Amino acid sequence: MSPEREYESKQIAVIDIGSNSVRLVLYRLEGRAVWTMFNEKVLAGLGRDLAATRRLSEPGVVMAMTALRRFAAVIEGVQPDQVLVAATAAVREAEDGPLFCERVAAETGLRIRVLSGEEEAKYSALGVLAGDPGARGVAADMGGASLELTRIGDGPRGKGVTLPLGPFALLDAKGFDADRLRGRIAKRLEPIEDDYATPTLYAVGGAWRSLAQMHMAMADHPIRIVHQYAMSAADARDMARLVARQSRASLEKLPGLSKRRAETLPYAALVLEGLIERLGLASVNFSAWGVREGLLYHGMEPAMRAVDPLLAGCSAWGGRQGVDPALPRALDGWLQSVASALPEVFGEERDALLTSSVCRLADLGARLHPDHRTNLVFDQVLWSPIPGQTHAERAFMAVAMNARYGGEARTPAPETVNRLLSEKGQKRARALGLAMRLACDLSGRSPQLLANATATVEKGALRVTAATGYADMLLGEQTKRRAKALAEAMDLALKI
């Protein structure tokens, strides 16, 4: 299914009633491209007392009902095409969970679907894969009361397992004791450690996202985006142990960390440490996509699910700015000779996907002020909300688009680029951007005119040629400057 096909845009509201948070997200779907338009959460702590009382927290219910009445009002005003309301471990396991669902329906009109543990694991795994189709390993979704583990690779594999390893399931009347908790966590992981041993864990959940954000701040990581942020198991273990040693008062002082999150973070850190030890992890990758996005992904047509999210996102985003919807594909084909002559960076298949994705963004700056276009495009691409790309790949695409709009090799953020992307990667990205610039200026961004010119690499030279009767399109100082810049970036002679 082509990502360029015109899809009717639709809006879907998802309410996620978890053991710790109650959240409303409004998504806009353009085919496979998913955009978050509104996101609001309340840390109600419905599952706070579950382990001790088997009932929902009374203060949590009050907060949750207040939030759900507001969310129902928002939905009534927005009138989305579809509304999905899902509840997970706390409502599923609480004795008064059915009464809570009845009350919500009576007071708000919202009908709650209570996910089984198996369904929760499945949708969380689907969410990870929706945001990173190349994910291979184990998806681990930590909620307030439970932890779901599912093997992934070419889709979810197996039914997954739900374990009582959420922070609220580990709360102890005796207080927080790291060593005692380590023993309890190890005991609960022991029965499944052989089945879920893996080198790579994909961590889902607000507490683990907080750990990732803390690590990025400590490491002064240049891109503060949690999705597809990766840590070695050793770094993750050190981070987890550091958090587990902190007092709640110390954690509450950290910027961006709420008091309610500070309460549960040490428990989440110890569970992550236990997973590292028991599953033999080598790395931990963080996913900002989970159950909610898994529900959206599951509702798509099979052919649409097969479209890469990066390509789909770039097609939808770039297409809004574009002059001609046929231009991206025309550019993609025109660049093949140049691309094949450049050094491989992320692997042949991945390099080809990144080239196609960058071509979808070729007109991203068309409606921006020409005096500021280069910097604006660079920043937008580096920080885009499009999933399916690592942080190094973000830098690659930003460098390419910087060159596409005439930016210098240094780029607007050289330190960021140098930390994320190899010299070889920067060279390939810049050459692709310069080739797009040549193609767009040579043809006036007309796919029909571009088809009558070629750029090939032969015997140490970049050869730019026009078809019979189209020689005049190669004339002009600007065309020569664009071609010369590309040839120099590739260390080639130029023949026009």
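**Strands, rings and spaces**

Modeller: Strand β7 (residues 147–152) is mostly covered, as 5 of its 6 residues are buried. Keep in mind that this is a predicted model.

Biologist: Which residue is the bridge partner of A140 in β7?

Modeller: β6 and β7 run antiparallel and are joined by 6 bridges. A hairpin of 4 residues links β6 to β7. Within this pairing, the partner of A140 in β7 is L149.

Biologist: Which residue in the turn between β7 and β8 has a positive phi?

Modeller: β7 also pairs with strand β8 (residues 156–163), in the antiparallel sense and over 5 bridges. In that pairing L147 stands opposite L163 of β8. The two strands form a hairpin with 3 residues between them, and the turn residue with a positive phi, about 150°, is G153.

Biologist: What are the edge strands of the open sheet of 5 strands?

Modeller: Strands of a sheet pair through backbone hydrogen bonds, either parallel or antiparallel. Here the pairing is mixed and the order is β3-β2-β1-β4-β5. An edge strand pairs on one side only, which holds for β3 (33–42) and β5 (113–114).

Biologist: Which residue of β3 is the bridge partner of L24?

Modeller: Strand β2 (residues 22–30) and β3 run antiparallel, with 9 bridges joining them. In β3, the bridge partner of L24 is E40.

Biologist: How many residues apart in sequence are the parts that the pair of F176 and Y267 ties together?

Modeller: There are 3 aromatic pairs, counted by ring centres within 6.5 Å. F176 and Y267 form one that is edge-to-face, at 5.1 Å centre to centre with 90° between the planes. F176 lies in the loop between α6 (167–170) and α7 (178–189), while Y267 is in helix α11, so the parts tied together are separated in sequence by 91 residues.

Biologist: Is Y267 buried or exposed?

Modeller: Buried means under 20% relative accessible area. F176, at 35% relative accessibility, counts as partly exposed. Y267 has a relative accessible area of 7%, so Y267 is buried.

Biologist: Which domains each supply at least three residues to the lining of the largest cavity?

Modeller: The model has 4 cavities of 30 Å³ or more, and the largest holds about 380 Å³ of space. Of the 28 residues that line the largest cavity, S21, M142, G143, G205 and G206 are the closest to its centre. By type, the lining divides into 8 nonpolar, 12 polar and 8 charged residues. At least three lining residues come from each of domain 1 (9–114) and domain 2 (118–290).

Biologist: Which element gives the most to the lining of the largest pocket?

Modeller: The largest pocket has a volume of about 670 Å³. Its lining has 30 residues, and those closest to its centre are T36, N39, R209, A288 and W289. β2, β3, α8 and α12 each supply at least two lining residues. The element that gives the most, with 5 residues, is β3.

Biologist: How far apart in space are P385 and I225, C-alpha to C-alpha?

Modeller: P385 lies in the loop between α18 (373–382) and α19 (391–404). P385 is exposed, with a relative accessible area of 56%. P385 and I225 are 160 residues apart in sequence, and their C-alpha to C-alpha distance is 9.2 Å.

Key. Residues are numbered from 1 along each chain as its sequence is written. This is a predicted model: local features need pLDDT of at least 70, side-chain atom pairs count only at pLDDT 80 or more; totals for chains, interfaces and linings use all residues. Side-chain values use heavy atoms; hydrogens and water are left out. On a 1 Å grid over the protein atoms alone, a cavity is a set of points where a 1.4 Å probe fits but cannot get out, and a pocket is an open set with protein on both sides within 12 Å along at least five of seven lines; lining residues have an atom within 4 Å of a point. Grid points are joined across faces, edges and corners, and a volume is the space filled by probe spheres set on the points. Ala, Val, Leu, Ile, Met, Phe, Trp, Tyr, Cys and Pro count as nonpolar, Asp, Glu, Lys and Arg as charged, and the others, Gly among them, as polar. Domain bounds come from an automatic or database domain assignment. Two strands pair if DSSP finds at least two bridges between them. Rings of Phe, Tyr and Trp (its six-membered ring) pair if their centres lie within 6.5 Å; planes under 30 degrees apart count as stacked, over 60 as edge-to-face and the rest as tilted. Buried means under 20% relative accessible area, exposed over 50%, partly exposed in between (1.4 Å probe, protein chains only).
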